[in-house]
Amino acid sequence: MTQPAAAYELAQVNISRLKAPLDSPQLKDFVDALDPVNAVADAADGFVWRLQSDSGNATDTSVFGDDWLIINLTVWRDTNALTAFMYQGQHRELLTRRNEWFERIREAMTALWWVPVGHRPTVAEAEERLLHLRAHGATAYAFTLRTSFPAGEAGPALGTVDRVLPDVECPV
């Protein structure tokens, strides 16, 4: 029996490769903006949860075993709530500066998927969904804002997913 859409929430993972250490002058503006932007997210309409360590953010959380990758893992009511937060205010300002702080990556670094209400995704789950998106494109199991799917349970596509680290785009 299919669950109604209200029985699901939207999980989102965004992984970025740092251009410099977090304590470097190059990343100072980004690091200084983390707490204020996280506070805005926490208060945003439709925000449910975000991964955080004792530091209050997740910058010290290992992802793909690579110290140069940082993760943002959140849960939202739906795609509209996530989109409204992403493209407004302080977060939008940070998005416009992301190339100052993060490497350009050829592969997908963001994935979305539906989780049952109350489920809090793990880093391993987020890594698996992102790798699935890279291997199979957007499916109901792992998708993007551009190609989203209705809320509901979905299984992975058949086939294996390699745990390959992202390729850094080489400057021309």
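Two strands count as paired if DSSP finds at least two bridges between them. Helices (H or I, at least four residues) and strands (E, at least two) are DSSP runs, numbered from the N terminus. The model is predicted, so local features need pLDDT of at least 70 and side-chain atom pairs count only at pLDDT 80 or more, while totals for chains, interfaces and linings use all residues. Residues are numbered from 1 along each chain as its sequence is written, and side-chain values use heavy atoms, with hydrogens and water left out.

Q: Why are β1 and strand β4 (residues 110-116) called paired?
A: They share seven bridges in the antiparallel sense; the definition asks for at least two, and therefore the term applies. In β4, P116 is the bridge partner of Y8.

Q: What makes β1 and strand β3 (residues 69-76) a pair?
A: Eight bridges join these antiparallel strands, and the requirement is at least two, so they are a pair. Opposite A11 stands V75 in β3.

Q: Why is strand β1 (residues 8-17) described as mostly covered?
A: Nine of its ten residues are buried, where buried means under 20% relative accessible area, exposed over 50%, and partly exposed in between (1.4 Å probe, protein chains only). Over the protein chain, buried residues make up 41% of the 172 residues.

Q: Why is G152 called buried?
A: The relative accessible area of G152 is 13%, which is under 20%, and therefore G152 is buried. G152 lies in the segment after α5 (123-136).

Q: How do you know which residues G152 touches?
A: A contact requires heavy atoms within 4.5 Å. Not counting residues up to four places away in sequence, G152 touches Y8 and W114.

Q: How do you know what confidence the predictor assigns to the protein chain?
A: The pLDDT, the predictor's confidence in each residue from 0 to 100, averages 88, and 89% of the residues score at least 70. Over residues 163-172 the pLDDT is below 50, and this stretch has 28 contacts in the model beyond near neighbours in sequence. Where pLDDT is low, the predicted coordinates should not be read in detail.

Q: Which elements of the protein chain have the lowest and the highest mean pLDDT?
A: Helix α3 (residues 89-96) has the lowest, at 78, and strand β2 (residues 47-50) the highest, at 98.
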